Amino acid sequence: MNKPLERLYNGIIKENPTFVLMLGMCPTLAVTTSAINGIGMGLSTTVVLALSNLLISILRKVITDRIRVPSFIVVVASFVTMVQFLLQAYVPAIYSALGIYIPLIVVNCIILGRAESYASKNPPIPSLFDGIGMGLGFTCSITIIGAVRELIGSGTVFGFNIIPIKDAAAGTHGYIPISIVVLAPGAFFVLGIIMAIINRVKLNNIKKGRKVYSTDCKESCFGCPHSNICLNTASETKVINSNKSNE
Amino acid sequence: MGGAVIFVMTLASLVCSIIDKIILKPANLEYLNTIVFILVIAALVQFVEMFLKKNVKSLYNALGVYLPLITTNCAVLGIAIKNAQTGYNILLSTLNGTFTAVGFAIAIIIMAGIREKIEFNDYPESFKGQASVLIAAGLMAIAFFGFSGLI
């Protein structure tokens, strides 16, 4: 696979920032009250991520090692301010819905993390695609979470009515929305359950003996996003599983 | 960790709101606040790091890499921006910063306690790790909603 496509695939599936790396939890939990908010937030983050990755990668030889984090933050903050103005001018509805979380894109760990671990070491074009891939991965995940929460919490997705809502005044029968799902606790529940489903799928793959990740990885397992499903660490889990089935 | 966050957040709210009132407002440069605030916070965290390294070596070692990461804790920048947006004066901003940080400290202490308990329980394998923590956090959030109804 050539480089740009590989970076896109890596960002969306293999190292999905939300579900695999668990980065950028603050916007993930806070703004996903509806699918449209999720898309708005995701796309703004994608734009910032792609552009800042590009710029940082161009500047990577100029920025000295010691001051790299402050300089990355300044680059990111400038792009975020631009995106904030653009949203305010062209999509005021999303701007007011996202509120304080737009300036908070600056401190989104995904952006600084990619700048540090990818863009500062690689040429501009792959960095740009890495940014786009990661951003799209983030967008997909928070849109999914947003859609689930919106569906359970108010019976709609993207504002369209999916489940008929019970309306006491009109006397119609139907679904009573569970409003707690749209509030803060719901974010944790929905994300927790989605994580559990993903873990389940991965565990099934391992049990079937399918190779999930290559074993020639030289990195340490500590802090590795794949540590819970990688074959290097999975041998330990397998022993526990076989013990359980013997009992 | 909670202590460090309380310290950083109090100072950050104080300094950011002073800068906002004295430099940015008169010069009509409010749109620069994100950039300015994040730099102030980064500098403050660096300062706390140096202070701890010199005076409280054990705490510095225990916090390790998470200390510089306070910079990217969205609560810190969030409070600074929120203070500027709602137009609190300097005293109110500082108080707001301190007590938000106290709330954060309470939350992470409770969270740590719950996680310790969870480790030894028997629950489905798919929920191992982050999934169970998220569910616990959700239950905690419900409890806190209850508190806000009481007061």
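How many helices and strands make up the secondary structure of chain A? In this predicted model, chain A comes to nine helices and two strands, where helices (H or I, at least four residues) and strands (E, at least two) are DSSP runs numbered from the N terminus. Residues are numbered from 1 along each chain as its sequence is written, while chains are lettered from A and ligands numbered from 1 in the order in which they are written. Local features need a pLDDT of at least 70 and side-chain atom pairs count only at pLDDT 80 or more, whereas totals for chains, interfaces and linings use all residues.

**View 1. Order of elements in chain A.** Read along the sequence, chain A follows the pattern α-α-α-α-α-α-α-β-β-α-α. Of its 247 residues, 39% count as buried, a residue being buried if 20 or more other C-beta atoms, placed from the backbone, lie within 10 Å of its own.

**View 2. The crossing of α3(A) and α4(A).** The axes of helix α3 (residues 35-58) of chain A and helix α4 (residues 68-90) of chain A come within 9 Å and cross at roughly 140°, with axes fitted to C-alpha atoms over the stretch in contact and angles running from 0 to 180 degrees between N-to-C directions. Residues including V47(A), L51(A) and L55(A) in α3(A) meet residues of α4(A), among them F72(A), V76(A) and F79(A), a contact being defined by C-beta atoms, placed from the backbone, within 7 Å.

**View 3. The side of chain A that touches chain B.** The contact takes 29 residues from chain A and 25 residues from chain B. On the side of chain A, the largest share, 11 residues, comes from α8(A), and the residues of that side divide into 23 nonpolar, five polar and one charged.

**View 4. The largest nonpolar core and L77(B).** Of the 85 residues in this core, those touching the most other members are V76(A), V106(A), V8(B), A12(B), V76(B) and L77(B); such a core is a set of buried Ala, Val, Leu, Ile, Met, Phe, Trp, Tyr and Cys residues joined through C-beta atoms within 7 Å. Leaving aside residues up to four places away in sequence, L77(B) touches L104(A), V106(A), V107(A), F37(B), I38(B) and I41(B).

How values were computed
Contact = placed C-beta atoms within 7 Å. Nonpolar A, V, L, I, M, F, W, Y, C, P; charged D, E, K, R; others polar. Buried ≥ 20, exposed ≤ 12 C-beta atoms within 10 Å, placed from the backbone.
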